[in-house]
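Colleague: I have a model open on my screen and would like to learn how to read it. Could you walk me through a few features, beginning with a single residue?

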Amino acid sequence: MEPLKSRPPEVMGSGHSACPGCGAALGMKLVLQALGPRAVVVVIPSCVSVIAGPYPFAAARVPMFHAAFEIAAPAAAGIANALKVQGVEDVPVLAFAGDGGTFDIGLQSLSGAADRNENIIYVCVDNEGYMNTGVQVSSATPRFTWTGTTPTGNTRRKKQIMEIMAAHRIPYAATATIAFPEDLAAKVRRAKELKGTRFIHLLSPCPTGWKTAEDASPKVAAAAVETNLFPLYEIEDGLKHTLTHRSQGLPVERYLSLQGRYAHLGPGEIEAVQAEVDRAWAELRRRAGEPDPQASR
Amino acid sequence: MRRFLTGNQAVAEAVRLCRPGVVAAYPITPQTPIYEKLSEMEASGELSGIMMRTESEHSAMAACLSASLTGVRTFTATSSQGLALMHEMLHFASGGRTAVVMACVNRSLALPWAFWSDQTDSLSQRDTGWLQLYAEDNQEALDSIIQAFRIAEEVLLPCMVVTEANFISHFMEPVEVPDQEQVDSFLPPVSLPRRFDLDNPGYVGPVVDQVQYREFRALSQEAMTLSLEVARRVDRDFREVFGRGYGLIEAVEVEGAELVLVTTATITSTARHVLKKLKAQGRRIGLVKIRLFRPFPTAALRAVLDQAPRIAVIERNLSLGREGIFCSELKAALCHSPVRPQIQGYLAGIGGTDVTPEMIERIIGHALSRPEAGDEPIWIREE
Amino acid sequence: MSKPRCLDPELIIPISRGSTRVFKTGAWTDRQPFHREKLSPCRAACPVGNDIPRALTKAAAGDLDGALAVFLQENPLPGVCGRVCLHPCQPECNRAQWDGTVQVRALERAAADLGRALPPPLSDSGRGKPAAVVGSGPAGLAAAFHLARLGHPVDLYEARSSLGGVLSSAIPDFRLPAQALERDLERILGLGIKVHLETRLDRAGLKELLESRRAVFLALGAGRARVPEMEGLGLKGVLTGLEFLEAAKAGTPPPVTGRALIIGGGNVALDAALTARRLGAEEVILACLESREEMPALEEEVELALEEGIEIRPRLGPREVLGREDRVAGVRFSPCRSVFDSEGLFNPVLDQGRTLELEAGLVVLATGQEPDLGDLAGPELASTPRGGLQVVPETLAAGMPGVFAGGDLTGGPGSVALALAAGKRAAVSIHAYLTGRSELRVPDPALLAGGPGFSIQRLFRPETDQDLRRVVAFQDLEPLFLDHRPSRPLELLAPAERRAGFREAALPLSHDRAREEAGRCFNCGTCTGCDRCLLFCPDSSVRPPGEEGQGYCLDPDFCKGCGVCAQVCIRGVVGFGEEP
């Protein structure tokens, strides 16, 4: 018989109200597991704060604070500074915010915190829309996407939040997704070791809002990475880019075809998406100092 | 030590003496000298704790309330637009039973744009569950800050100390700045509940149902009621230690007066001057200064005003569509008085205009000339 | 003095301290996935029934001892198979449809060479019930091995002076060095089998054995060459394939100069060609009836032979061996138009009108083998039309009670793996016969994908309830979760070095390379304890393997039936569907 593997106790447990197959719940679980119970976690109105539990129950065994929608960053910063004043230096403060609370209503306060290099880890749980309130468009929703408030397809592009955060020259920013849990955990652990503002952009598919099967979230997230639509990388001090995954470079159709929210896309739109992905991927590779795959031709 | 300070400087000194843990602020005229003075103190090492130079007032209050929940002493200052921007967070800080202390410098709210004293900004936050103390002069501003920390930390409700733009914020007066040992003896080290306890982790602020919400609100209301007594006691203690006290209200020559003026803040000083003059002329005019506005000192006011035949409320604010807010609140407080005092509201100083002794005399004359008060406020302008 | 309620920190703001586990979200669904191991296509294709995914799980963790132990559960000759097996597993490997098959054979060799393990015992119910095995080729060795594991005292009879059959007598050193076979034999003999060398069996001997041993397994192999009838077979310098290889291996090869002509298209012919090259032939031509594509020899071996300068002349049928005086001078061929007839029977059609002559100083006819029953054949031991001993396929029982037979003796085409499989089946059948446990006569509960391969370990020491009927196909895996790691090519000696002598041509995998290559195995159907199901469950509803030996299971109180665990299980172990 195999010797029993030692597994650290789970930080996030069962019985919460996430939809079956919820990517955000999985992301939350993975982040909290890597963070460990010696931490303080800020959540804001979003699926995450509801998943965290109704009074008097909690899904996670870590001190948590349900702050207001647009204040994930300054709330976490206030706590971090208060802990420092109390002489507590080894307890990380982590904020979860959705894409709405990060790209839209919370962008200003996040920018302020990043500018001050507040000592917080900020995880944006990005399901590309306001999903807690139904399915409404946010500035994280990609072009052409169906949402309840863009029923014929979103005309705006997804904001480049990583570029925005990099522009603040924070010590650490990284993309991650639920399909690559070891990569995500490594990034959370890396963030824990650093000081200052650390930002993780966590792509978390939503079966309800993205119109996929309940079991599809990890597969969809993997497709996002393997099509270079959501590359996995890190940016240190706003300038040094490092890719953390060698992708398969699949056509974007492999990703789009998995989701009902893209069912209405025609070939022209798919081409447009592919062209943008190709451009952004080439640019990212250039920044990461990767050799140009075209160069040898 | 006696020093010649502006109201803003006096506030800054008080904050320093109270040993804050986290100060978070954003500049806005006429608050900026408080912010700058505190920054100087931080740079020189005189100010304890951490200063956060946030990118908006909303974030400043967010940071303060979170730091307060963590268990440290917190302070911020703002005015007008900044206070309005904080509105959401004010509710949050109160509902969260934090002990944030804030200095609010009254300034007109835009639009239109203007930078002088008007109390509508702080008064329009009266429903947010904050304690509110209105200061008459620079000394009271300083002293009220110190009292505010003690009250807030005892009742676990946030407290704002309200001063006026220009008249207090930027005018210099002789002020007694207490020494550190005195303040330390009056205001013990912070011992707020530490809400983020690793040994007993909990989820602070989850969604509650209707009945639970109601009961939390009922507890906050009880705490508000309790804070009347706490504020009174703290003021008494303050008098014992520092030799100065202010009460929740101050009644001046109200007994047997034919008319009682009700004022707050700097208008009170002018009114005192007018009353002295009229007393010398044999007139019996009384004065009540409201200092603590939230929780509203109903019992204290009824005790001195239940029998007053006429009351003239002179104020520097307006709730559009109704009247001055102090007037409305006073009318509500006295609606069960056995003698129905005739309460007339007077709007003087709106927008930061001067309220002169002459205007106050005119008000007195006007109030006494009519047998009955009117429902609508009277605008008092320069002649 | 106690605090009033409105100032009690615990009462004045909501703080959740309970657990959401009060909400039994398992009630949201009536359909929950379950965890059950299944069969891998490689194991389904392996006649020996090696539990390849489990062995490679160990090897991937650097545990070659553990990997060897898993191989020894089914296979007594991992070192041999790791060199000579035709690896039917590799084309079936699901990874072959992704970025290249896993090098299973090379890994079996690495486990055998670098690992240390003892054959695990199966039972002691065979104690005091002796059996005899005649013939020590792979079939006989397997039968002896498994019978000994089942507790039987075993006597192993071998006509030659060493064990192993063709493994020791004929397969060239450059393919199967003597030490490799020795290592495997040592392990087998360590089970206490009694060996009787230089003992040939005849009918009388068989009757005697049956009296004392009650059960006998005949594994005499196919020792007689099958050659086409033609002139010149008696000339000097003309040998059959086995004759040539045996002579070379014994160190007494015939003289080899000039051109060597090997006739035949199978692995024996190829080995003969390569041997001739090493013995000094300046030129080696391999001529066969088949086309290049039809040649039965392993394609990869043909490629290596071509690298060494062996010339292949396909589609040639030998007509006559030509001589000069009493020595061979060459062979006359006619083109072969087809090898098999419309019924798939061997029936070559030559274009008689055209001929081609090839000169040669050595002619080796490697055109097949057949069993040589000697005087054993008779009414009780019938033979098949092709000359093998007739047996009941499921039990390997021959006509006489107590006599069982398998391997090349019962008909070909054979292979080491098929012989090992026969020996194992015979061992079970004999065990059932001797212990009276008729339910074990056929190993149906342990059949792999319906058979004929089966797991003897599962039959006697089942540890899991693995579903051996369901094979995990490539379509059952989600390609988005698979990494791209093509195999690095296996290393060989350079062609010039290979030709220079009889050193083993295939270089071994190092520990690191073995680990790396084993890590490419998808472990189809086998739970490796990777924890993915547990890790990816948004509801933390997958319970890890417990102390009582139970595997992963889903918590019915909380599992919402989303199926993410089934989706992310890259081995096809967790799934919805049939009743567990």
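Modeller: Gladly! Let's start with Leu318(B), which counts as buried because it has 21 C-beta neighbours inside 10 Å. Keep in mind that this is a predicted model.

Colleague: Where in chain B does Leu318(B) lie?

Modeller: Leu318(B) is in a loop, the one between strand E14 (310–315) and helix H12 (325–333) of chain B.

Colleague: Which residues does Leu318(B) touch, leaving out those up to four places away in sequence?

Modeller: Thr120(B), Gly324(B), Leu347(B) and Ile350(B).

Colleague: Let's step back to chain B as a whole. How many helices and strands are there in chain B?

Modeller: Chain B has 13 helices and 16 strands. Its C-alpha trace spans about 70 × 50 × 45 Å along the principal axes. A compact globule of 383 residues would have a radius of gyration near 21 Å, and the 21 Å of chain B agrees with that. Of those 383 residues, 55% count as buried. Take the contacts in chain B between residues at least 6 apart in sequence: 81% of them join residues at least 24 apart.

Colleague: Now the strands, please. How do I read a sheet?

Modeller: The general idea is that strands of a sheet pair through backbone hydrogen bonds, either parallel or antiparallel. In chain B, one open sheet has seven strands in the order E3-E2-E4-E5-E7-E6-E13, with mixed pairing. Its edges are strand E3 (50–53) and strand E13 (292–294) of chain B, each of which pairs on one side only. From one strand to the next, the twist averages 20°.

Colleague: What joins strand E6 of chain B to E13(B)?

Modeller: Two bridges do, and the two strands run antiparallel. To find the spot on your screen, look for Leu133(B), whose bridge partner in E13(B) is Leu292(B).

Colleague: Which strands does helix H2 of chain B lie across?

Modeller: Helix H2 (residues 32–44) lies across strand E2 (22–25), E3, strand E4 (74–78) and strand E5 (101–106) of chain B. The helix runs at about 135° to E3(B).

Colleague: And how should I look at the contact between chains B and C?

Modeller: Begin with who takes part: 17 residues from chain B and twelve residues from chain C. On the chain B side, strand E9 (203–204) and helix H9 (210–242) each supply at least two residues. The largest share of that side, six residues, comes from H9(B). By class, the side of chain B that touches chain C has eleven nonpolar, four polar and two charged residues.

Colleague: In which sense do E9(B) and strand E1 of chain C pair?

Modeller: In the antiparallel sense, over two bridges, with E1(C) covering residues 15–16. There Val204(B) stands opposite Ile15(C).

Notes. Residues are numbered from 1 along each chain as its sequence is written. Chains are lettered from A and ligands numbered from 1 in the order in which they are written. This is a predicted model: local features need pLDDT of at least 70, side-chain atom pairs count only at pLDDT 80 or more; totals for chains, interfaces and linings use all residues. Helices (H or I, at least four residues) and strands (E, at least two) are DSSP runs, numbered from the N terminus. The radius of gyration is taken over C-alpha atoms; the globule rule is 2.2 Å times the number of residues to the power 0.38. A residue is buried if 20 or more other C-beta atoms lie within 10 Å of its own, exposed if 12 or fewer, and partly exposed in between; C-beta atoms are placed from the backbone. Two residues are in contact if their C-beta atoms, placed from the backbone, lie within 7 Å. Two strands pair if DSSP finds at least two bridges between them. Axes are lines fitted to C-alpha atoms, for helices over the stretch in contact, and angles run from 0 to 180 degrees between N-to-C directions. Ala, Val, Leu, Ile, Met, Phe, Trp, Tyr, Cys and Pro count as nonpolar, Asp, Glu, Lys and Arg as charged, and the others, Gly among them, as polar.
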